[in-house]
Amino acid sequence: MSWSCAREHDGFLRADATMGFNVETFHSILDAGFAEGWNFGIVPRHDVSSTSEPRPYRRSLDAAGALGLILHYLSSTMREVTLQQIFAIIPTTCSRYLQFLLTLLLLTLCAMNDACISWPKAEELPELTALVQARHPHLVGAFGTTDGLNIATQTSEDLEVENATYNGWLHDHNISSVLAFSATGTLIRIFMS
Amino acid sequence: MSSNAEFFTYAKVSSSVDGSTVQVAGMIPVSPALYTRSYGTAHLAGITLLPTPPSFAERTRLKAKSVRPSRQASACPQILWICRRNYSSRGSCCLSARRQSGGCAIQGSFGRLRIPLDINDNAGRGNLLEVCFRLHNLRTLRVGFNQIQSVYVPIWKDGVERDDIWDGFETLTFVEQRVRDRVARFHITVQYD
């Protein structure tokens, strides 16, 4: 079933499972600037000037389809060929769209309050510590947790980079990040390497 | 999202009230807010895999001092590290606190992070990670931390038949099987006074 069929027939019911967002949140991302960026932005191409006029009506996907494409891409490990079949687009279009959409989605999320990563203010701490203590009475005063995230990466040909990314504990090449979560589950601080 | 060396804190070892060893080990990046603002006893909780014999603890403390004798860092041990190997009551509850919102929440939701990232594209890698982190926050606030409850349970409870299965499923548990057997009422049971 292609993306357009799924969208028409079951009202995004599958979207929850495949993209991780409900319909309301999906539309809120579109309204927060994603649709505007898609309709009035230029998908970069080598043979087209960056100052030329955008032609969204000539594209294979509308704004909702574009958001669906990038969310499918992020939420799954599927190959691009599968994405091409679901969204009925050709390989070059697919890779070009994905590259552009990742930047567009990042810009949209930066403008959304709920998507920001901010350290809690002092007045929010009593509420957070109460949440932790309700479930874990021994953890007095904790307002969040910190955790590491090791993400597999390719092996670099540069020996210095290769050495820097090799993790002896995991016997693999990883990019490590340190994350701090608040008691509500949101990220409050990240450190990426 | 900027980060620099000022965000690092240092190793510190101390004992907690209930006797379990609490360890702050290694250099980890935290928010400068922990240094500059007064949070009282509030702290982040984390798990460390490092062992806690006194020799190691002493070594860690000495190493931290020798690397950078920072008055600020030693005066601000606002991250509570608990050794996983101790499995004290405090450690195990911290472990479970972290499991609810940890790195797995990110990599589990965004399957794309399970595919080795491009080591030669630093900007693209950073964008991909930041988009995933921000989407995690957005979903936690809009959709809910537990998507099984908010997304799947309404589908499982849709309709009378499904509702019956949902509510009556607990009667099918192994322990209750003999009691709820259709012929169980014909059994003769001996009761001793």
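# A two-chain tour, helix by helix

Asp167(B) is partly exposed, because its relative accessible area is 46% (buried means under 20%, exposed over 50%, partly exposed in between, using a 1.4 Å probe and protein chains only). Asp167(B) is found in helix α8 of chain B, which covers residues 160-168. Follow the chain from Asp167(B) to Asp181(B) and you cover 14 residues in sequence, while the two C-alpha atoms are 18 Å apart in space.

This is a predicted model, in which local features need pLDDT of at least 70, side-chain atom pairs count only at pLDDT 80 or more, and totals for chains, interfaces and linings use all residues. Residues are numbered from 1 along each chain as written, chains are lettered from A and ligands numbered from 1 in written order, and side-chain values use heavy atoms, without hydrogens or water.

## Chain B as a whole

What is chain B built from? There are 8 helices and 6 strands in chain B (DSSP runs numbered from the N terminus: helices are H or I with at least four residues, strands are E with at least two). Read from the N terminus, the order of elements in chain B is β-β-β-β-α-β-α-α-β-α-α-α-α-α. Of the 193 residues in chain B, 42% are buried. Now take the contacts in chain B with a separation of 6 or more: 61% of them join residues 24 or more positions apart (contact means heavy atoms within 4.5 Å).

Asn120(B) sits in the loop between α5 (103-109) and α6 of chain B. Asn120(B) and Gln149(B) are 29 residues apart along the chain, and their C-alpha atoms are separated by 40 Å.

## Where the chains meet

Which residues in α6(A) and α6(B) meet? From α6(A) come Leu102(A), Leu105(A), Leu106(A), Leu109(A) and Cys110(A), and they meet α6(B) residues including Leu128(B), Val131(B), Leu135(B) and Leu138(B). Gly124(B), Asn127(B), Glu130(B) and Arg134(B) are also among the α6(B) residues that take part. By class, the contact of α6(A) with α6(B) has 9 nonpolar, 2 polar and 2 charged residues (Ala, Val, Leu, Ile, Met, Phe, Trp, Tyr, Cys and Pro are nonpolar; Asp, Glu, Lys and Arg charged; the others, Gly among them, polar).

## Inside chain A

Helix α6(A) has another partner. The axes of helix α5 (residues 80-87) of chain A and α6(A) come within 10 Å and cross at roughly 100°. That makes α5(A) and α6(A) roughly perpendicular to each other. Glu80(A), Leu83(A) and Gln84(A) provide the α5(A) side of the contact, and Pro91(A), Cys94(A), Ser95(A) and Leu98(A) provide the α6(A) side. Sorted by class, the contact of α5(A) with α6(A) has 4 nonpolar, 2 polar and 1 charged residues.

In the loop between α5 and α6 of chain A you'll find Ala88(A). Ala88(A) has a positive phi of about 55°, although it is not a glycine. His171(A) has a positive phi of about 55° too, and is not a glycine either. The place to look for His171(A) is the loop between β2 (166-167) and β3 of chain A.

Strand β3 of chain A (residues 172-182) holds Asn174(A). Is Asn174(A) buried or exposed? Asn174(A) is buried, with a relative accessible area of 9%. Beyond its neighbours within four places in sequence, Asn174(A) is in contact with Asn150(A), Ile151(A), Ala152(A), Thr153(A), Thr165(A) and Asn167(A). A polar atom of the Asn174(A) side chain lies 3.4 Å from the backbone nitrogen of Ala152(A).

## Accessibility side by side

| Residue | Relative accessible area and class |
|---|---|
| Ala88(A) | 62%, exposed |
| His171(A) | 62%, exposed |
| Asn174(A) | 9%, buried |
| Asn120(B) | 65%, exposed |
| Asp167(B) | 46%, partly exposed |

Technical notes: Polar contact = N/O pair within 3.5 Å; in protein donor to acceptor, adjacent residues only side chain to side chain. Axes fitted to C-alpha atoms, helices over the stretch in contact; angles between N-to-C directions. Parallel < 35°, antiparallel > 145°, perpendicular 65-115°, else oblique.
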